[in-house]
There are 2 protein chains.
Amino acid sequence: MGKLITISREFGSGGRELGRNLAKKLGYAYYDKEIVKEIAAKTKLSEDYVNSIIEKRPFSMFPIHTGSSFQTMTNPIDDQNQLIFREQCNILKEMAVKSDCVIVGRCADYILSEKQPLRVFVYADMDYKIRRCMGNQSAEETLNTKEIKKKIQSLDRQRSQYYMFFSGQKWGDKEYYDLCINMSNIGMEAAVAAIAALV
Amino acid sequence: MGKLITISREFGSGGRELGRNLAKKLGYAYYDKEIVKEIAAKTKLSEDYVNSIIEKRPFSMFPIHTGSSFQTMTNPIDDQNQLIFREQCNILKEMAVKSDCVIVGRCADYILSEKQPLRVFVYADMDYKIRRCMGNQSAEETLNTKEIKKKIQSLDRQRSQYYMFFSGQKWGDKEYYDLCINMSNIGMEAAVAAIAALV
């Protein structure tokens, strides 16, 4: 079995960059947006649509978990959510056996729990995340700090709801992770080195 | 200013051992029970009494914080708690300037926050903590798993209350730490290496 690191992250904390740098340092494969592309290809849905679903809480109010029966679902939106989640499970499982890898987001820590990944949660103070998001804005984006804060809170709420919906677990609760790292006072290089020391 | 690592830990998680090993690896001073000894010497109270106070929520129901005024306190028990806490603050501040050091427990992360310590929280699954405590029992101790679980929960509740009382912060909430490390699946050596990579 390959070595596997899953990274869950608060929006703006730098978790994605950390994942990419970590994969590079360790010589592991790195999966993030590739997952959306593969789901889109397999389900014949657009990447934008898949992305909008897997970053948000699905519409149905019935929490489901991997391995549950889907027979009672009749709502076509629910069916599509289920389809996407099932493909997501399949693709993550395929990726995890291909090679050592770092997977960012997508409930990978829960979906691949049988493979005993090193489960990392990356977070930061709100001020740090706002500063980081401001610095990363493209020329077309003109959000002010108040709007960025709202965006961060909204995206994290969606991630939290999505994660709870599929896993029944509380997103960001340290109980469900092996390491939680606060990027507010820790440099990127040191954070990468610390996680690398664990594998 | 010396480098400073503070370690807060759930009972039975191995945080104390981690702190000791970390200090050894980095060549830092290690402070833990020494703090109780010094408080006892300075306050003329017994070590056992000091220990019983600083591991439990003080009796008073008025939360206080470092730097608050103590003038309105009249209860002698409260006064003694205050005295102990003030000595604890003084001693920790003296220790932190003497040399690079690792300090375990004693609200050091909060008391020494101005010195920007690397704040580590060490925790583990209940099963792991029970197994570890069972293995560490001396010949005279004969607690069964149920009794050990109760002891762990009780001691952690006391630590949490003590910390909340003096800091106004939630003990173990990842927001207040730079790194939270779950020892359930991570070996001692790897954990030490990961934290050492951050300083």
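In this predicted model, the largest share of the lining of the second largest cavity comes from helix H7 of chain B, which supplies three residues. The volume of this second largest cavity is about 150 Å³. Its lining is made up of 12 residues, and those closest to the centre are B:Arg9, B:Gly105, B:Arg106, B:Cys107 and B:Arg159. When the lining residues of the second largest cavity are sorted by class, five are nonpolar, two are polar and five are charged.

A search of the whole structure finds two cavities of 30 Å³ or more, and the largest cavity holds about 180 Å³ of space. The lining of the largest cavity consists of 15 residues, with A:Arg9, A:Gly105, A:Arg106, A:Cys107 and A:Trp171 lying nearest its centre. Strand E1 (4-9), helix H5 (108-111) and helix H7 (145-167) of chain A each contribute at least two residues to the lining of the largest cavity, and E1(A) gives the most, with four residues. By class, the residues around the largest cavity are seven nonpolar, three polar and five charged.

The largest nonpolar core contains 66 residues, and the members that touch the most others within this core are A:Ile103 and B:Ile103. When residues up to four places away in sequence are not counted, B:Ile103 touches B:Leu4, B:Ile5, B:Thr6, B:Ile7, B:Tyr31, B:Ile35, B:Leu92, B:Ala108 and B:Leu112.

Attention now turns to charged side chains. Side chains of opposite charge can pair when their charged atoms come close, and over all chains the structure holds 14 salt bridges. In one of these, the side chains of A:Asp32 and A:Arg16 meet with an N to O distance of 2.5 Å. A:Asp32 belongs to the loop between strand E2 (29-31) and helix H2 (33-43) of chain A, whereas A:Arg16 belongs to helix H1 (residues 15-26) of chain A, and the pair links parts of the chain that are 16 residues apart. A:Asp32 counts as buried because its relative accessibility is 3%, under the 20% limit for that class, while A:Arg16, at 27% relative accessibility, counts as partly exposed.

A salt bridge also joins the side chains of A:Arg132 and A:Glu17, at 2.8 Å from N to O. Here A:Arg132 lies in helix H6 (residues 126-136) of chain A and A:Glu17 in helix H1 of chain A, so that distant parts of the chain, 115 residues apart, are linked. A:Arg132 is partly exposed, with a relative accessible area of 22%, and A:Glu17 is partly exposed at 29%. In chain B, B:Arg132 forms a salt bridge with B:Glu17, with the closest N and O atoms 2.8 Å apart. Because B:Arg132 lies in helix H6 (residues 126-136) of chain B and B:Glu17 in helix H1 (residues 15-26) of chain B, this pair ties together parts that are 115 residues apart in sequence. B:Arg132 counts as partly exposed at 21% relative accessibility, and B:Glu17 is partly exposed with a relative accessible area of 30%. Finally, A:Glu10, A:Lys129 and A:Asp156 are linked in a network of salt bridges.

Key
Residues are numbered from 1 along each chain as its sequence is written. Chains are lettered from A and ligands numbered from 1 in the order in which they are written. This is a predicted model: local features need pLDDT of at least 70, side-chain atom pairs count only at pLDDT 80 or more; totals for chains, interfaces and linings use all residues. Side-chain values use heavy atoms; hydrogens and water are left out. A nonpolar core is a set of buried Ala, Val, Leu, Ile, Met, Phe, Trp, Tyr and Cys residues joined through side-chain atoms within 4.5 Å. Buried means under 20% relative accessible area, exposed over 50%, partly exposed in between (1.4 Å probe, protein chains only). Contact means heavy atoms within 4.5 Å. On a 1 Å grid over the protein atoms alone, a cavity is a set of points where a 1.4 Å probe fits but cannot get out, and a pocket is an open set with protein on both sides within 12 Å along at least five of seven lines; lining residues have an atom within 4 Å of a point. Grid points are joined across faces, edges and corners, and a volume is the space filled by probe spheres set on the points. Ala, Val, Leu, Ile, Met, Phe, Trp, Tyr, Cys and Pro count as nonpolar, Asp, Glu, Lys and Arg as charged, and the others, Gly among them, as polar. A salt bridge is a side-chain nitrogen of Lys or Arg within 4 Å of a carboxyl oxygen of Asp or Glu.
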